[in-house]
Amino acid sequence: ATQSGPLLVYSGVINRNFSRGSDNRFVRNGVGIFRENDTDLVIFAISNRPVNFYDFAHFFRDFLHCSDALYLDGHISAMFLPSLQRNRRRGSFGTIIYSRQP
């Protein structure tokens, strides 16, 4: 289990509680679902810089083409994925998501 929410995108609509241009910016991560060849796929994303909820939701919907997306974490977001040169090891990880590549 992991702390999560709010919904970023639901059925292709960005959460109406988010404000374009908000100053509430943090490095954020989330998970979304997109459809490819009649198959639902899951995608995880983390921002490279501080971003507000609206812009992060917009990224999931319009760039990643996710019909639904959920915010996972903010201020303490980090990723260790050397293949993408993401080597942040600060602090403790609260949630670990492991994926084996084919």
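Which residue lies over the face of F53? In this predicted model, the residue over that ring is R28, at 3.9 Å from the ring centre.

**View 1. Surroundings of the F53 ring.**
R28 is placed over the face of F53. The ring of F53 also takes part in a stacked aromatic pair with F18, with 5.0 Å from centre to centre and 10° between the planes. Because F18 lies in the loop between β2 and β3 and F53 in helix α1, this pair ties together parts that are 35 residues apart in sequence. F18 is buried, with a relative accessible area of 12%. F53 likewise counts as buried, at 18% relative accessibility. F53 and Y71 form an edge-to-face pair, their centres being 4.8 Å apart and their planes at 80°. With 11% relative accessibility, Y71 counts as buried.

**View 2. Aromatic cluster of F56, F59, F60 and F63.**
These four residues, F56, F59, F60 and F63, form one aromatic cluster. The count of aromatic pairs in the model comes to five.

**View 3. Salt bridge between R25 and D55.**
A search of the whole structure finds three salt bridges. In one of them, the side chains of R25 and D55 meet at 3.8 Å, from N to O. The pair links distant parts of the chain, with R25 in the loop between β2 (13-14) and β3 (29-36) and D55 in helix α1 (residues 53-63), 30 residues apart. R25 counts as partly exposed, at 34% relative accessibility, and D55 is also partly exposed, at 30%.

**View 4. Salt bridge between R61 and D62.**
The closest N and O atoms of R61 and D62 are 2.7 Å apart, and the two residues form a salt bridge. D62 counts as partly exposed, with a relative accessibility of 35%. R61 counts as partly exposed at 27%.

**View 5. Hairpin of β3 and β4.**
Strand β3 and strand β4 (residues 39-46) run antiparallel and are joined by eight bridges. Within this pairing, F34 has L41 in β4 as its bridge partner. Two residues lie between the strands of the hairpin, and N37 takes a positive phi near 50°. R35 and D40 form a salt bridge, with 2.7 Å between the closest N and O atoms. Both R35 and D40 are exposed.

Technical notes. Residues are numbered from 1 along each chain as its sequence is written. This is a predicted model: local features need pLDDT of at least 70, side-chain atom pairs count only at pLDDT 80 or more; totals for chains, interfaces and linings use all residues. Side-chain values use heavy atoms; hydrogens and water are left out. A salt bridge is a side-chain nitrogen of Lys or Arg within 4 Å of a carboxyl oxygen of Asp or Glu. Helices (H or I, at least four residues) and strands (E, at least two) are DSSP runs, numbered from the N terminus. Buried means under 20% relative accessible area, exposed over 50%, partly exposed in between (1.4 Å probe, protein chains only). Two strands pair if DSSP finds at least two bridges between them. Rings of Phe, Tyr and Trp (its six-membered ring) pair if their centres lie within 6.5 Å; planes under 30 degrees apart count as stacked, over 60 as edge-to-face and the rest as tilted. A charge sits over a ring if NZ of Lys or CZ of Arg is within 6 Å of the ring centre and within 35 degrees of the ring normal.
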